[in-house]
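Thanks for coming. Please have the sequence and the structure open while I talk.

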Amino acid sequence: MEKILISRCLLGEPVRYDAKSKALNHQIIRHWQQQQRLVPICPEVIGGLPTPRPPAELNQRLNKVLTESGDDKTAEFASGANQALALCQKHQIKYALLKERSPSCGSTFIYDGSFKQQLISGQGITTALLRKHGIAVYSEETIEQLINVLSQEI
Ligand code: SF4
């Protein structure tokens with residue numbers, strides 16, 4: 001059975017920058033948990049960042065992840081992405097369900113780096129690396145697509 005990498009905050013774990021979670025209340029999550037097919041990760045925490053932590057955004061022009069005060073967190077974000085990829089390779093994971101709009105986990109939209117709540121089309125650091133290695137990344141907003149894809153694999 002295909003395993004699925006999943007953002008820990010979507011499982012209700014308080015790992016976000018503000019020490020809160022974003023639990024995804026969907027019955028398929030409980031089903032997948034019972035099947036033991038979910039592999040949780042928070043790329044930012046595993047990359048070495050504390051919780052809570054200052055919010056950071058991807059600055060595409062500089063190709064860096066910065067906090068609003070300009071602290072460069074690119075190395076921690078890259079480490080988290082590499083560890084997420086290693087986990088996928090260890091478990092032969094081909095699908096990920098990651099939190100939308102995060103500078104790590106976003107898959108369709110991210111904030112533009114201005115810290116003015118401006119969304120742009122784009123993907124987070126972890127999502128970009130996983131996709132580069134052939135892993136399909138979905139979010140809480142595209143979970144029905146993932147369910148559909150998985151149903152065709154069974
Ligand atoms: Fe959730 Fe991903 Fe942010 Fe961790 S890095 S809190 S898993 S969105």
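The side chain of Lys 99 makes a polar contact with the side chain of Glu 140, at 2.8 Å. Keep in mind that this is a predicted model. Where does Lys 99 lie? Lys 99 is in the loop between strand 5, residues 95-97, and strand 6, residues 109-111.

Is Lys 99 buried or exposed? Its relative accessible area is 10%, and the cut-off for buried is under 20%, so Lys 99 counts as buried.

What surrounds Lys 99, leaving aside neighbours within four places in sequence? Lys 99 is in contact with Ser 7, Cys 9, Leu 10, Arg 16, Lys 22, Cys 105, Gly 106 and Glu 140. Glu 140 is the partner in the polar contact I began with.

Next, Pro 50. Pro 50 also sits in a loop, this one between helix 2, residues 43-46, and strand 3, residues 56-59. Its relative accessibility is 48%. Exposed means over 50% and buried under 20%, so Pro 50 counts as partly exposed. Pro 50 and Glu 2 are 48 residues apart along the chain, and their C-alpha atoms are separated by 31 Å.

Now the helices. Two packed helices are described by the angle between their axes and by the distance between those axes.

Take helix 3, residues 74-91, and helix 4, residues 125-132. They pack at an angle of about 40°, and their axes are 8 Å apart. That angle makes helix 3 oblique to helix 4. The crossing is right-handed. Which residues make the contact? On helix 3 they are Phe 77, Ala 78, Gly 80, Ala 81, Asn 82, Ala 84, Leu 85 and Cys 88. On helix 4 they are Ile 125, Thr 126, Leu 129 and Leu 130. By class, this contact has nine nonpolar, three polar and no charged residues.

The other pair is helix 1, residues 27-34, and helix 5, residues 143-153. Here the angle is about 45°, with the axes 11 Å apart. Helix 1 is therefore oblique to helix 5. This crossing is left-handed. Helix 1 contributes Ile 28, Ile 29 and Trp 32 to the contact, and helix 5 contributes Ile 143, Leu 146, Ile 147 and Leu 150. How many of these residues are nonpolar, polar or charged? Seven are nonpolar, with no polar and no charged residues.

To recap the handedness: right-handed for helix 3 with helix 4, left-handed for helix 1 with helix 5. That is my last slide.

Methods:
Residues are numbered from 1 along each chain as its sequence is written. This is a predicted model: local features need pLDDT of at least 70, side-chain atom pairs count only at pLDDT 80 or more; totals for chains, interfaces and linings use all residues. Side-chain values use heavy atoms; hydrogens and water are left out. Axes are lines fitted to C-alpha atoms, for helices over the stretch in contact, and angles run from 0 to 180 degrees between N-to-C directions. Helices (H or I, at least four residues) and strands (E, at least two) are DSSP runs, numbered from the N terminus. Angles under 35 degrees count as roughly parallel, over 145 as roughly antiparallel, 65 to 115 as roughly perpendicular and the rest as oblique. A crossing is left-handed if the near helix is turned anticlockwise from the far one by less than a right angle, and right-handed if clockwise. Contact means heavy atoms within 4.5 Å. Ala, Val, Leu, Ile, Met, Phe, Trp, Tyr, Cys and Pro count as nonpolar, Asp, Glu, Lys and Arg as charged, and the others, Gly among them, as polar. Buried means under 20% relative accessible area, exposed over 50%, partly exposed in between (1.4 Å probe, protein chains only). A polar contact is a pair of N or O atoms within 3.5 Å; within protein, one must be able to donate a hydrogen and the other to accept it, and residues adjacent in sequence count only if both atoms are side-chain atoms.
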